[in-house]
Amino acid sequence: MWNKPLQESSPLPLWFQIAERLRQAIAAGIFTAGDVLPSESQLNETFGISRATSRSALDSLEQEGLIVRKSGKGSIVLGPRVEQPAIEMYGFSDDMRRRGLRPSYHTVFAGRGRASRETGDALGIGVNSPVYHSRRILKADDQPIGVALSWIPLSIFEGTTLPTAEDLSRNSLYRWLNDTCGVKLTGARETIEAALAEGDMAAELEVPAAAAVLVVRRRSENADGTPIEYAVLHFRADRYRLHLETGVVVRR
């Protein structure tokens with residue numbers, strides 16, 4: 001049991017023992033995603049420890065991405081991190097379903113816009129060229145995991161209407177492009193960097209200001225290499241991670 005007496009004769013610090021007990025309880029399903037862990041005062045009473053010790057134990061779990069601490073709510077258990085191989089090309093919806101998670105979206109904006117220099121360079125169009133722009137909050141099992149900003153040349157939609165906010169809140173953008181425009185994305189070039197969430201981005205991701213995020217800048221192409229979409233995706237660092245496999249060249 002996670003709350004059995006601590007081993008005070010152990011060389012392991014008390015805060016470490018408590019963190020390990022709670023870590024194992026989360027792994028065993030005693031505490032599941034969305035549950036609130038015992039508070040600092042409850043841990044103090046259970047183990048007869050100081051507030052500094054219980055705070056250190058919970059801080060450790062938060063740094064590992066196992067919990068998030070919210071004022072007035074306590075220490076909330078997070079679901080497992082979503083891990084995305086950086087070399088795989090998946091739409092968010094397909095990727096989440098592949099992992100047994102339920103994808104959903106909240107569309108903040110969808111409509112016409114103008115290409116910035118960064119967007120124009122990525123898509124091979126001029127600055128201020130008309131584009132279709134969307135901003136969506138990406139969710140896994142109803143929890144925000146990322147924010148996606150997307151720009152697509154209006155020429156891609158020739159002969160059809162632009163997708164509405166309702167269209168994008170119901171379904172994947174990539175699936176809409178395939179089903180409605182006959183456009184299939186087959187490859188992408190990405191850059192990945194770390195950043196801090198500020199302002200609206202932090203609010204949409206439901207993280208504190210200056211929380212760590214992963215930023216993915218992606219240019220997606222069709223089979224003949226034509227740029228179709230430029231996207232900037234911000235992912236919560238405590239819920240999402242990317243991994244990259246690479247070969248090793250041995251020089252003799």
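An open sheet of six strands, ordered E4-E5-E6-E9-E8-E7 with antiparallel pairing, is present in this structure, which is a predicted model. Its edges are formed by strand E4 (103–114) and strand E7 (187–196), each of which pairs on one side only. From one strand to the next, the twist averages 15 degrees.

**Strand pairing**
- Strands of a sheet pair through backbone hydrogen bonds, in either a parallel or an antiparallel manner.
- Strand E7 and strand E8 (residues 212–221) run antiparallel and are joined by 10 bridges.
- Alanine 194 has leucine 214, in E8, as its bridge partner.

**Helix packing on the sheet**
- Helix H7 (residues 173–181) lies across strand E5 (130–140), strand E6 (143–153), E8 and strand E9 (227–236).
- The direction of helix H7 is at about 40 degrees to E6.

**Aromatic pairs**
- Six aromatic pairs are found in a search of the whole structure.
- One of them, formed by tryptophan 151 and tyrosine 230, is stacked, with 5.9 Å centre to centre and 25 degrees between the planes.
- Because tryptophan 151 belongs to strand E6 and tyrosine 230 to strand E9, this pair ties together parts that are 79 residues apart in sequence.
- Tryptophan 151 and tyrosine 230 are both buried.
- Trp2, Phe31 and Phe47 together make up one aromatic cluster.

Conventions: Residues numbered from 1 in each chain as written. Predicted model: local features only at pLDDT ≥ 70, side-chain atom pairs only at ≥ 80, totals over all residues. Heavy atoms only, no water. Pairing = 2+ DSSP bridges. Helix = DSSP H or I, 4+ residues; strand = E, 2+ residues; numbered from the N terminus. Axes fitted to C-alpha atoms, helices over the stretch in contact; angles between N-to-C directions. Contact = heavy atoms within 4.5 Å. Phe/Tyr/Trp six-rings, centres within 6.5 Å; stacked < 30°, edge-to-face > 60°. Buried < 20%, exposed > 50% of the residue type's maximum accessible area, 1.4 Å probe, protein only.
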